[in-house]
Amino acid sequence: RAITLQEGPYDCPLDTARNDYTLVVVHTDAGITGVGSCYTSTDLVRAALGHLQDQYLDEVAIEPERIHEKLEQRNFWTGRGGTLTHTISGIDIALWDILGQVTGQPVARLLGGYYRDRVKPYASLSMSRHDQLEKDLHSACARGFRAFKLGWGRFGRTGNPADDEATIRLARDIVGDGELMVDPGGSQQFWPNGYKWALRTAQMLAEYGVVWLEEALAPDDVAGYALLRAHAPIMISGGEVLTRRQSFVPFLEAGAWDIVQPDCTKVGGITEARHIAWMAYERQVLTVPHGWNTAVGVAADLHLVAALPLGKWIEFHQPSQAIDEIDSEPFVIDADGMMAAPTGAGLGLSLDWDGIGRLAHGALD
């Protein structure tokens, strides 16, 4: 079943056609339940679940990789990315959760084992308004974050480079020596900027010690990204809107990114993100999962990065009701700004179903 999560005031009407977060709950005849997450609207997920129904009913729930590949391969006419793959993502994450519960093992161990027991979360913040960004940065610092990504908003959209630099100067003054990353959101429709803007911006960001520049070009600009990576003084990242591992191959083969950012809740689940991460590893490209996400998505990202030979960061959207209000044991940031990789069976989450019910406006059935 699919559950809508809608952030914002609880007295707003529930909009299942436009919400960003949908939980997928997979029930088994053994009484074990797994939970996954999709970054897409519930209406689309429910339609996809109906389309896929005859392919997952009566399946073996402890074989996530085979079921994932079956669902992708069987839908060659109607799938190959988009809504079906987003929905398969939710199913896949839930099946890994079930396999972990059945075996008594955390997902990271089932993926091959722990290369690290801690991962660094970065607070992912909107650049929409300076006053709100300032407030959110101070709040994230107080929570213990040591890394911060500034995303979207006015950045790159006013036509005045001084506006962009003022935003970065503000952030640097607040976070001190904390890590800063910047995501202009070049995947947004009608993104106006090209290679020369991106290169000039990368040069400006380098002066403020920014770690990487993300989604600085249109999402399908393989040649532009390759050129930018070759000449920019900071790391270049992208890939958050792509689905299926095949879509990532041209970028990896072209040497277009220093960092690849598949989203477990979009790309095809943990199974597909793992394929992409290992392709990247073979080319010395770091995987940092995109995660404007729910607590379920955060847990999936933690397991994935813990089980990769090269890994460091995960994205942690702040502020976020879909993270903070649906987990009864909130994610803890330690004194070093790090977050422990989960060790409980499956995803290792303790979901707060009362919190989920509030965000679902009571519509849990």
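Q: Which residues of helix 1 meet which residues of helix 3?
A: Leu-44, Val-45, Ala-48, Leu-49, His-51, Leu-52 and Tyr-56 in helix 1 touch Thr-83, Leu-84, Thr-87, Ile-88 and Ile-91 in helix 3; contact means heavy atoms within 4.5 Å. This is a predicted model, where local features need pLDDT of at least 70, side-chain atom pairs count only at pLDDT 80 or more, and totals for chains, interfaces and linings use all residues. Residues are numbered from 1 along each chain as its sequence is written, and side-chain values use heavy atoms, with hydrogens and water left out.

Q: Why are helix 1 and helix 3 called roughly perpendicular?
A: They pack at an angle of about 70°, with axes 9 Å apart. Angles of 65 to 115 degrees count as roughly perpendicular, so helix 1 and helix 3 get that label.

Q: What classes of residue make up the contact of helix 1 with helix 3?
A: Nine are nonpolar, three polar and none charged. Nonpolar covers Ala, Val, Leu, Ile, Met, Phe, Trp, Tyr, Cys and Pro; charged covers Asp, Glu, Lys and Arg; the others, Gly among them, are polar.

Q: Which elements give two or more residues to the lining of the largest pocket?
A: Strand 2 (21-27), helix 1 (42-56) and helix 3 (83-103) do. Strand 2 supplies the largest share, four residues.

Q: What classes of residue line the largest pocket?
A: Its lining has eleven nonpolar, three polar and four charged residues.

Q: What classes of residue line the second largest pocket?
A: Here the lining has six nonpolar, seven polar and five charged residues.

Technical notes: Axes fitted to C-alpha atoms, helices over the stretch in contact; angles between N-to-C directions. Parallel < 35°, antiparallel > 145°, perpendicular 65-115°, else oblique.
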